[in-house]
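Me: Could you take a close look at one part of this model for me? I would like to see how it is put together.

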Amino acid sequence: MSHDRTRAGFKNRTRVADARERLLAAVAPHGRTETVPLTAADGRAVADATTAPTPVPGYDRAAMDGWAVRAEDTFGASDRSPAVLFAADDEVAPEGAVRVHTGSELPPGADAVVKIEQITEVGEEVEVFDAVAEGENVGPTGEDVAEGQTLYEPPHRLRPSDLGLLKSVGLEDVAVAERPRVSVIPTGEELVQADPDPGEVIETNGLTVSRLAERWGGDATYREIVTDDEDALRGAVERDLDHDVIVTTGGSSVGERDLIPEVIDEIGEVLVHGVALKPGHPVALGVVEETPVIMLPGYPVACIVNAVQFLRPVLREIGSLPHDPHPTRPATLSRKVSSEPGVRTFARVKLDPIDGRGADTDGASDAARDGDGPAFEATPTRASGSGMLSSVALADGWVVVPESREGLDAGEAVDVELWEVSE
């Protein structure tokens, strides 16, 4: 890479989809698996087909409170002519009945349950006022889960309800894909962790990105700040080549102190430098010894936007997780959003209910749309600029303006991407 880049700038910017495709083509699932307790498996991708070693329920059970009987002993029973059975304790003999409760095991000899409201106890006898068929009001063995049934297959991402199901079939642990190891390296001689002097800036990008990586299924290491020095940057990258992904923050543009793309080009390959994306076009993507390196811009909003667009899908691919989209919320724009033709623009917005019709913005996206249109109004938090962290931290999501549009009009129906709600 020539130093001419500092004069040329980003005349030719790669489209977001093309940049992502180049990056994903350079990575592959790491293939490592581990077995973890169910209590630690939430959000993990199953590594193998998971089957049920035992059925649920493991026995025939009463589906409601009542009396367990032989169905044939109730044939012909009615309000006027009840069947009279004797009350037993633990086994149903001919013309006998045993009291049962919902979920209890069906006693030997029984093949049906009479609802308690259809029974009258008279001493040691019970009068049955309604005939039942064989199997009526009975939950058979394996009704919920059959023995040997396949429950989950890769790349299914386990949810809390899945863990409950796995425990119900007798499993205590599960084989999952190992979390991709991510090194997050903040760069910049002006950065400090606390108590900045004039001209210094508190480091936030590395913290934010490392936590996002954890949320997206990675195992992140938040490294110390590295100054703008080629040898120091090279050493930091080479130290972490045993990781699955390296992410740097800052120093990815074309200024005199933006050195990380040159360092990567010297020891590896830069796949993309400059993306048609706003905010955040000075992103760079590369590979060193088969380890992808994502070089994020230093402006906080640009850093986050690019992390969502590139780091998240890479972690999904390497960690064998499904490439699920973020949930969206339909809304109406409160005012116009401008954008540059040919550039994908991410406009940060705040969501407000319209006439009290909207639910909480933390909900799962599409339920808010009704016959009268979206139930939310989306108000841009800042029309432009990528240095204001508050404009994204205080937003509910962003509206994506595609490359083919020159902005969006006030009143236009849009889908707000709730990128921080759920992973």
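Over residues 183-317, how far apart do the end C-alpha atoms lie, and what percentages of the span are helix and strand?

Reply: Happy to! This is a predicted model, with local features needing pLDDT of at least 70, side-chain atom pairs pLDDT 80 or more, and totals for chains, interfaces and linings using all residues. Numbering runs from 1 along each chain as its sequence is written, and side-chain values use heavy atoms, without hydrogens or water.

The end C-alpha atoms of residues 183-317 are 17 Å apart, and the span is 35% helix and 26% strand (DSSP runs: H or I of at least four residues, E of at least two, numbered from the N terminus). An unreviewed UniProt entry lists these residues as "domain: MoaB/Mog"; such annotations may be inferred rather than shown by experiment.

Now look at helix α5, residues 230-239. Leu 233, Ala 236 and Val 237 are buried there (under 20% relative accessible area, 1.4 Å probe, protein chains only). These three sit on the same side of α5 because they cover an arc of only 95° around the axis, taken from the directions from the axis to the C-beta atoms. Their cover includes strands β13 (181-186) and β17 (245-249), along with helix α6 (260-267); contact here means heavy atoms within 4.5 Å. At the start of α5, the backbone nitrogen of Asp 231 has a side-chain oxygen of Asp 229 within 3.1 Å.

Definitions and conventions
Buried means under 20% relative accessible area, exposed over 50%, partly exposed in between (1.4 Å probe, protein chains only). A polar contact is a pair of N or O atoms within 3.5 Å; within protein, one must be able to donate a hydrogen and the other to accept it, and residues adjacent in sequence count only if both atoms are side-chain atoms.
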